[in-house]
Amino acid sequence: MALKNTSTTVTSLCSIPTLFLSLTLICTLSVTLFFLFSDPQTQTQTQTQTPLRHLKVYISELPRSLNYGLLDTYYSSSTFDSRLPNNPHHKTHIPKKVKFPPYPENPLIKQYSAEYWIMADLMTPDNLRTNSFAKRVFDLNQADVVFVPFFATLSAELQLGTNKGVFRKKVDENKDYERQREVLDFVTKSQAWNRSGGRDHVFVLTDPVAMWHVRAEIAPAILLVVDFGGWFRLDSKSSSSSTPDMIQHTQVSLLKDVIVPYTHLLPRLQLSKDQRRQTLLYFKGAKHRHRGGIVREKLWDLLVNEPGVIMEEGFPNATGMEQSIRGMRTSEFCLHPAGDTPTSCRLFDAIQSLCIPVIVSDNIELPFEVGYLKSFSEEQKNKFRQNMAHVQPIFEYDNGHPGGIGPINPDGAVNHVWKKVHQKLPMIKEAIVREKRKPPGVSIPLRCHCT
């Protein structure tokens, strides 16, 4: 689901009532959601003809305090998330000694919960894992990859929610930094890391700021990320521009890493329960964002008074959630401007709400008038929604079992993540062989850690 950025600029068109959208609707649904237009029956036939294979996964032996223990810490804390004003809910009482506590309902954390569901699949007993593409192995020598069971997102969010001011500092008050170092020290000193240089290790970093302080050290590994926006930086010493530049691909690359979906926050709407939609275009969120979200303000000013368009500013609390459900389910199209990073969970909420997504980025801009959306016939829009209904399960992590311990949907998000990791294996194995072939003392210029 990554959005490719370019440097196209059309600011001269800002004087006319034109929206600067990253992709036209056709591009949105054919490129970003290309599988919406494929025949589901053909997909099924292709899958049944493919020989059954598994990704063999070994779990690094990190202490519980770095995964499920962080959930114990979250629920035992009396401190509420300071970023959710006047909204101290989303924290329920959890009985002590629960082996697999639930992931927080706090929307700022829940949207990044892929780490929880992926690990839960591996923790499920083998007799309940027949649907999973990943096969857990207990012998390192049998493994294709080594999964690092660190809830990096939860660790970061615990720090951000209690003492955000020290998050980017390497100080004792930054407990997330201490946990990052603990994970790194344990993993990099292991036999598994030494045999591959970490290239066959898998880290889940769905939060754009997860593992912030040690990214250079874990760069050789396979990183599961929602996009590459978390790797933006502003180098004030080398540039006077106010636009952040993406760092060179020595840490992240589509060659070795996997783009995974956000966890949607809104409930799934079945196609059979879809009703007539009165609103043309809908958006709910913060008007002002930093880094990559400048386009939001421009769009807001252009659209706020347009007939048939609803632009609501709100926070992901209980009231905001209800408004989003109602807004997305009664709108034909949902607007998705860039936020702090190029993508957001709003895209996946739209898919679950059958609201046709229109994706916007600061750096990819095409002239696109509101009138163009009105030109789509009811038949065309219904076809779009039918295609979205077919792929709704692909973006679903939750398997409906307490703690995620139980059979997963064979066509759900977790299985698709495992299959994408499996596709990386040939390149990862080749990179490991190349590294071992390299003469001692010889260095190779970094392009991507896969080459």
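View 1. Buried means under 20% relative accessible area, exposed over 50%, and partly exposed in between (1.4 Å probe, protein chains only). The loop that holds Leu 354 runs between helix 12 and strand 13. Helices (H or I, at least four residues) and strands (E, at least two) are DSSP runs, numbered from the N terminus. Phi of Leu 354 is near 60°, a positive value in a residue other than glycine. The model is predicted: local features need pLDDT of at least 70, side-chain atom pairs count only at pLDDT 80 or more, and totals for chains, interfaces and linings use all residues. Residues are numbered from 1 along each chain as its sequence is written, and side-chain values use heavy atoms, with hydrogens and water left out.

**View 2. A disulfide joins Cys 334 to Cys 355.** The S to S distance is 2.1 Å. A disulfide here is a pair of cysteine sulfur atoms within 2.5 Å. By this rule the count comes to 1 disulfide. The link of Cys 334 and Cys 355 is right-handed, with 105° about the S-S bond. The pair links distant parts of the chain, 21 residues apart. Cys 334 belongs to strand 12 (residues 331-336). Cys 355 lies in the loop between helix 12 (346-352) and strand 13 (356-359). Both Cys 334 and Cys 355 are buried. Cys 345 is buried too, with a relative accessible area of 8%.

**View 3. Met 211 lies in the loop between strand 5 and helix 9 (215-218).** Its phi is near 55°, a positive value in a residue other than glycine. At 1% relative accessibility, Met 211 counts as buried.

View 4. Two strands pair if DSSP finds at least two bridges between them. Strand 6 (residues 222-225) and strand 9 pair in the parallel sense over 2 bridges. Val 225 stands opposite Ile 259 in strand 9.

View 5. Contact means heavy atoms within 4.5 Å. 9 of the 10 residues of helix 5 are buried, so the helix is largely enclosed by the rest of the structure. Among them are Tyr 116, Trp 117, Ile 118 and Met 119. Glu 115 and Asp 121 are also buried.

**View 6. Helix 3 (residues 68-76) has buried residues.** Tyr 68, Gly 69, Leu 70, Leu 71, Tyr 74 and Tyr 75 are buried. What covers them includes helix 4 (107-110), helix 5 (114-123), helix 6 (152-162) and helix 7 (175-188).
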